[in-house]
Amino acid sequence: MSVPIFTVDAFAERAFEGNPAAVCLLEAPQDESWMQSIAAEMKHAETAFLVPHPGDGFDLRWFTPEVEVALCGHATLASAHVLWESATVEPRATLRFHTQSGVLSASRKGAWIELDFPLKPVEQAPAPAGLAAALGVKPLYVGRNVFDYLVEVGSEADVRGVQPDFAKLAKVEARGVIVTSRADSAGVDFVSRFFAPRAGVPEDAVTGSAHCALAPYWGSKLGLAEMVGHQLSARGGTVRVRIDGDRVMLGGQAVTVLRGVLV
């Protein structure tokens, strides 16, 4: 079996920025353990596996090097980019992905790709034991949604300065932890970082699914439906967000950096 595989930098305007994801184009479903092994081999935060859906679009699953996840933005962006760039689908086609989180879609907006994702708002919650110490911060707010904890801190400098104790953070019972603040930089509304050592990703470079929580959180605080978020990882990346009812549109760019074949 030969499987086309790609590495794509998602939420990136040029190579070696944003968040790298692997994308595998499959002709038929494969064994879950095989997909997990491929994700562990690739060592990216996420590897996406695409199979043509019997009705329309594609079945899409995402794996970190250690576990399968229910929602992933950057690997969905990378998948859409690969499908268009490889001429697997028509260049102007709107893509539909059947996932554990329902049907997601992707469309082209000039040089950008826009993903239609579900909002995952947070509700205020008690900070779990050890969370603030693991992050080394003084939270202004702690919230929780179905996936992650969200921690607001005082400034962009505080977000940049977080140096987590990953062993302690891995004990927090959640997929990951979002740390965020208002932005100081021009043209950006809020900044964030995302840590998920429990899922095998100590720090994710740019996290689309985290913006499903960040968009309604900052939208409510700032009174805005359209915003720009910047993730302050070492690679960095920009995510445009637009709230539409119970959905959020995530906008980003993508660059292919590797094409190959799994043998």
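Tutor: Helices (H or I, at least four residues) and strands (E, at least two) are DSSP runs, numbered from the N terminus. The model is a predicted one, in which local features need pLDDT of at least 70 and side-chain atom pairs count only at pLDDT 80 or more, whereas totals for chains, interfaces and linings use all residues. Residues are numbered from 1 along each chain as its sequence is written, and side-chain values use heavy atoms, with hydrogens and water left out.

Once neighbours within four places in sequence are set aside, Asp148 is in contact (heavy atoms within 4.5 Å) with Gly143, Ala174, Arg175, Gly176, Ile178 and Phe194. Two of these partners also meet its side chain through polar atoms: the side chain of Arg175 makes a polar contact of 2.6 Å with that of Asp148, and the backbone nitrogen of Gly176 lies 3.0 Å from a polar atom of the Asp148 side chain. A polar contact here is a pair of N or O atoms within 3.5 Å; within protein, one must be able to donate a hydrogen and the other to accept it, and residues adjacent in sequence count only if both atoms are side-chain atoms. As for Glu203, 55 residues away along the chain, its C-alpha atom is separated from that of Asp148 by 14 Å.

Leaving out residues up to four places away in sequence, Gln36 touches Phe63, Thr64, Pro65, Glu66, Val67 and Glu68. Within helix 1, Met35, Gln36, Ile38 and Ala39 are buried. These residues cover an arc of only 160° around the axis, so they lie on the same side of helix 1, the arc being that of the directions from the helix axis to the C-beta atoms. Among the elements that cover the buried residues of helix 1 are strand 1 (3-10), strand 4 (58-63) and strand 18 (254-262). Just after helix 1, Lys43 adopts a positive phi of about 65°.

Terms used
Buried means under 20% relative accessible area, exposed over 50%, partly exposed in between (1.4 Å probe, protein chains only).
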